[in-house]
Amino acid sequence: MTFPTRLLRDDLLERLKFDLGRDAQDASLRDWRMAVSLAVRARIVTPWLAARRAAEAAGAKQVYYLSMEFLIGRLLEDAIVNLGLDGEVNAALTELGLDYDRLVEDEPDAALGNGGLGRLAACFMESLATLGCPAYGYGIRYEHGIFRQDFEDGRQVEHPEDWLSEPHAWEFERPGEDIIIGFGGHVREDGARAVWTADEHVVARPFDMPIIGWQGRWANTLRLWGARPTDGFDLSRFNRGDFAAAAENEALARTISRVLYPDDTTEQGKTLRLKQEYFFTAASLRDLLRRFVLRGRDLRSLPQHVAIQMNDTHPAIAGPELVRLLHDEHAMEFDDAIDTARACLAYTNHTLLPEALETWSEGLMAHLLPRHMRLIERIDHRHAMANPARRTSVVDHGHVKMGELSFIMANRVNGVSALHTELMKKTVFSELHGLHPDRIVNQTNGVTPRRWLKSSNPRLSTLISSVIEGDWLVDLDRLAELDPLCDDAGFLTDFAGVKQDNKVDLANWLARDHGFSVDPAAMFDVQIKRIHEYKRQHLNILEAIALWQDMRANPQGNHTPRVKIFGGKAAPGYVLAKEIIELINAVAAVVNADPLVRGRLTIAFLPNYNVSMAERLIPAADLSEQISTAGKEASGTGNMKFALNGAPTIGTLDGANVEIRERVGAENFFLFGMTAEQVVARRALDGHAAAAIAADPRLARALQAIRDGAFSGGDGARFAGVCDNVMGPDYFLVASDFADYWRAQRQADAVFRDTDAWTRMAARNTARSGWFSSDRTIRDYMAQIWQASSVT
Ligand code: NBG
């Protein structure tokens with residue numbers, strides 16, 4: 001699909017004039033970006049509508065992916081790249097005197113997610129479209145996404161994210177397809193049927209975004225729900241002068257789609273969160289049933305036509321809600337309703353952390369969703385009857401366990417890496433796994449190479465295309481063809497050149513936008529992810545302190561220059577994670593100002609890490625930090641992006657690191673630390689942290705420096721939270737893994753000094769990471785979970 005430049009250029013000028021009411025003289029960068037977005041969007045609409053019709057004509061099974069998060073980031077460049085319009089757009093913009101990169105970068109990130117789970121959902125949407133599998137993504141159109149992170153005195157402060165303060169070029173509002181969602185009220189049993197009369201209602205308004213696959217051959221829909229009041233504005237109150245009260249309904253209804261993960265430490269926060277989950281799940285199910293019934297099909301055949309994926313437990317209420325719709329509203333027998341619902345539903349678990357496994361108090365559930373509370377009990381009871389060996393139950397000590405509910409209501413349950421899936425069987429779901437040994441399957445995560453290689457690393461893509469013929473981007477296993485070239489001096493020089501150019505770009509951006517001056521010859525060592533104790537950013541900063549001390553003590557030592565880059569947000573209510581951010585910034589301030597280590601060690605914590613920042617950092621990274629306590633990171637997907645972009649990992653045997661290491665080869669991976677089993681054993685030993693610190697003078701000195709106030713103007717108490725934790729309970733075994741981490745870091749230093757050896761290692765990471773394409777993951781979901789097929 002190509003359009004002559006002239007046409008696109010004229011199209012842009014027309015859009016500018018007729019859609020935005022501007023002429024070229026007055027147009028701002030944003031006006032131009034909107035014009036380009038509208039012009040590109042127009043080219044998506046035809047294949048998008050055609051895909052809908054083709055799916056219908058083929059009678060194809062529809063996949064519905066329900067997710068609280070879709071971390072899609074920017075959309076314009078994705079669309080341009082997938083439509084193959086890069087050349088044309090570039091040429092048209094140049095003719096108009098505009099800079100392509102600046103224009104693309106002007107688009108705000110769609111901040112509809114928080115971390116890996118949301119980014120995975122976005123990669124999955126892209127792969128589904130590329131593979132031509134008919135699918136809808138369903139989620140919430142958060143007005144403020146998560147939050148915008150800023151640092152004040154090194155501390156994280158949260159500001160509302162305003163990505164929707166301007167019109168969003170990619171969405172189509174569908175006021176004709178509103179769905180009304182109820183909460184609260186009461187349930188009346190009417191013979192065999194139950195009638196739920198809710199006493200609070202909001203409107204779910206769909207906003208559709210087309211998600212275009214590679215080369216524009218297929219497009220699916222991401223349908224996000226915005227909350228609106230059923231009866232917005234109270235004119236009589238307004239006329240009485242009570243202006244605030246007149247707008248109250250509207251404000252209350254809209255809170256549901258205001259922010260992602262509102263602080264749920266308060267009762268109001270919990271209620272809001274459960275409301276959000278029910279809101280989008282119920283709207284999505286009703287929407288898909290409406291579509292199904294319109295075709296005149298029998299609801300009993302629903303599982304042949306529909307597969308519904310619950311992305312984590314946030315949409316877990318889908319089980320009882322679907323049973324309610326089939327049984328209460330469509331008069332299906334109760335047992336049939338459960339069986340039908342279960343045959344449609346599957347559940348992905350993304351974490352074993354106990355605090356992240358959702359539970360709701362029975363009281364809250366019964367208050368907000370009285371009919372569902374009863375259905376949950378009946379579903380659980382029926383399950384217990386069918387499985388007499390069952391010892392525990394979904395409703396336990398006054399709490400509804402959403403993981404167990406999802407498990408019981410799903411025909412397949414999957415983990416997201418081989419290790420995680422095995423641990424799931426042994427820990428959180430051991431009892432249910434015993435009863436249903438075939439239900440749990442593994443689907444190791446993946447990432448879309450269109451975004452994470454083609455658009456974010458054009459230099460590397462070009463190099464790959466110069467040596468691999470044909471469309472390797474949709475057959476990423478073909479990267480293996482690079483393997484023999486990893487011993488070819490010419491190829492290695494080119495590969496190193498790509499990395500170097502990417503690093504120069506990053507260094508320029510760090511200087512321009514963040515005021516850091518770094519040497520592109522230094523090792524760029526990057527840890528970007530949510531801030532969490534299990535991800536152990538504090539292990540990394542302790543190593544940085546020890547390295548700084550070592551450099552000061554041995555100024556003539558053979559140190560490999562390093563730039564340590566951090567990025568990530570901490571949950572607003574997570575005190576220790578916020579202290580870790582503050583500590584990293586404090587250490588950075590001291591180290592970066594120290595003339596004794598200048599040019600050898602720089603620490604940069606970049607505020608407001610998001611998808612676009614990841615796209616900048618990953619292609620320029622030398623070393624990928626994946627250092628979680630083994631057994632805690634379900635998979636990781638950043639780890640895959642780094643490997644694909646030629647950054648070897650320093651990491652533990654955790655999540656997908658295990659599979660990355662297997663594929664890239666142990667010799668191309670800097671392994672350290674205890675295994676998941678060793679972690680459990682060590683944790684049981686009294687005084688494990690104190691013993692590790694006593695055995696490692698480096699770690700002891702690093703901790704002592706913090707406690708002496710070396711990074712807090714002498715205030716030794718400032719970072720007591722982190723220090724006391726590492727020295728005390730140290731649940732995440734920072735102290736116990738420190739010595740081996742230090743060893744692996746120095747090993748990385750040594751290899752890095754041998755440029756050829758390092759480049760070979762980096763290139764092998766790229767050559768052997770093809771398996772981590774989300775196309776592979778989605779193909780496996782289609783075959784093993786959804787029984788869905790491609791229509792193209
Ligand atoms: C995250 C895990 C990651 C994993 C992503 C995607 C949640 C709840 N879990 O390890 O922590 O890569 O999910 O599966 O966000």
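The model is predicted.

Start with the ligand. Its surroundings come from several parts of the sequence. Gly 116, Leu 117 and Leu 120 are among the residues around the ligand. His 350, Val 416, Asn 445 and Tyr 534 are there too. Glu 633, Ala 634, Ser 635, Gly 636 and Thr 637 complete the list. What kinds of residues make up this shell? The shell divides into 5 nonpolar, 6 polar and 1 charged.

An oxygen atom of the ligand lies 2.8 Å from an N or O atom in the side chain of Asn 445. For the side chain of Tyr 534, the distance from a ligand oxygen to an N or O atom is 3.2 Å. Ser 635 takes part through its backbone: a polar atom there is 3.0 Å from an oxygen of the ligand. How much of the ligand does the protein cover? On its own, the ligand has 380 Å² of accessible area, and the protein covers 86% of that.

Next, turn to Ile 581. Find helix α23, which spans residues 575-592; Ile 581 lies in this helix. Is Ile 581 buried or exposed? Ile 581 is buried, because its relative accessibility is 0% and buried means under 20%.

Which residues does Ile 581 touch, leaving aside those up to four places away in sequence? Gln 149, Phe 151, Gly 154 and Gln 156 are among them. Ile 581 also touches Ile 531, Gly 568, Ala 570 and Phe 605.

Finally, compare sequence with space. Ile 581 and Met 727 are 146 residues apart in sequence. From C-alpha to C-alpha, Ile 581 and Met 727 are 18 Å apart in space.

Terms used
Residues are numbered from 1 along each chain as its sequence is written. This is a predicted model: local features need pLDDT of at least 70, side-chain atom pairs count only at pLDDT 80 or more; totals for chains, interfaces and linings use all residues. Side-chain values use heavy atoms; hydrogens and water are left out. A residue is near a molecule or strand if one of its heavy atoms lies within 4 Å of it. A polar contact is a pair of N or O atoms within 3.5 Å; within protein, one must be able to donate a hydrogen and the other to accept it, and residues adjacent in sequence count only if both atoms are side-chain atoms. Accessible areas come from the Shrake-Rupley method with a 1.4 Å probe; for residues, only the protein chains shown count as cover. Ala, Val, Leu, Ile, Met, Phe, Trp, Tyr, Cys and Pro count as nonpolar, Asp, Glu, Lys and Arg as charged, and the others, Gly among them, as polar. Helices (H or I, at least four residues) and strands (E, at least two) are DSSP runs, numbered from the N terminus. Buried means under 20% relative accessible area, exposed over 50%, partly exposed in between (1.4 Å probe, protein chains only). Contact means heavy atoms within 4.5 Å.
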